[in-house]
Amino acid sequence: MSNDSTGKTLGVAFVLCIVCSIVVSTAAVMLKPLQLENKLLDKKTNILAAAGLLKTGADVEALFSNIDVKIVDRATGLYLEANPGLEGWEKSILDNPAAYDQRKSAKTNGQFTKLTSDQDIASIRKQAKYATVYHAKDSDGNVETIILPVHGYGLWSTLYGFIALKTDLSTVVGLGFYEHAETPGLGGEVDNPKWKGLWPGKQVFDAAGQLDISVIKGAVTGTTPNAGHKVDGLAGATLTSRGVHNLVNFWLGKDGFGPYLTKLKAEGV
Ligand SMILES: Cc1cc2nc3c(=O)[nH]c(=O)nc-3n(C[C@H](O)[C@H](O)[C@H](O)COP(=O)(O)O)c2cc1C
């Protein structure tokens, strides 16, 4: 067949398409486990960073071995293991808590609850019945930090991250996001170490045990009243800042980890 014939041109293009699609799909399938592994490693890195435990050059897996992964029934605040006689998907979570994917569960029928518009201040619509919490322990095995996953809508995207609290359950150890699509230089400044550095030491509950933490518009100064409960908003990114304020208040509140934190306050960590 002549090189100039329509049939040969279409034939070559077709074969090329098939070969390329095989190469691309083989690469995608083969790289999937590696991608998942890297995603998990990134999540662990962020959990350690929120807890202030990340050291440059240190082995993330080794550091993470000091962290207990626990599953909490969000509505009651009880650990899943305290619930005997579980079956099906709930039993499978208990069999391997570290593999439980709260984000996937929030999208799986029968595993989430829908939030009413009054409840949904973080604009997440649905919430997994079970939540993962992390306990970072010191070298003697005592819990030092509680790390809670948080997420909520900013301006363009849902921000996913972690907030870490001391065992007084009010002092912030750190806050960080591992996934969002806010604008770099504006809402994306949630990743700026300087802004993240404003969080440690802030108190999320007041003396009476009421939730009291705000991301304000502008900067917290020496004369700002109640400054220990306030964090600077991001300049030019009021909407993302408001999103962070809302998600922190949602997850530490009654429809988030409130029942769990109340239980820990009553019974000890
Ligand atoms: C291209 C573009 C991207 C923006 N990205 C963000 C963003 O990621 N987060 C945010 O809060 N505001 C973002 N803004 C700005 C908002 O539209 C809004 O003006 C801002 O949040 C108000 O903040 P300010 O009161 O501090 O000025 C963006 C604006 C433009 C034009």
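Predicted model: local features only at pLDDT ≥ 70, side-chain atom pairs only at ≥ 80, totals over all residues.
Now follow strand 5 to its other partner. Strand 5 also pairs with strand 6, again antiparallel, over 4 bridges. Here Lys137 sits opposite Val143 of strand 6. The two strands make a hairpin, with 5 residues between them. Look at Gly141 in that turn: its phi is positive, about 85 degrees.

Next, strand 6 to strand 7. Strand 6 covers residues 143-153 and strand 7 covers residues 158-166. They are antiparallel, joined by 9 bridges. Leu148 faces Ile163 of strand 7 across this pairing.

We get an open sheet of 6 strands, antiparallel, in the order 2-1-5-6-7-8. Which strands stand at the edges? Strand 2, at 78-79, and strand 8, at 172-179. Each has a single partner strand, so one side of each is left without a neighbour in the sheet.

Last topic, the ligand. What residues are around it? Leu155, Trp156, Glu182, Thr183, Leu186 and Gly187 are among them. The list also includes the run Ala235, Gly236, Ala237, Thr238, Leu239 and Thr240.

How values were computed
Residues numbered from 1 in each chain as written. Pairing = 2+ DSSP bridges. Near = placed C-beta within 6 Å.
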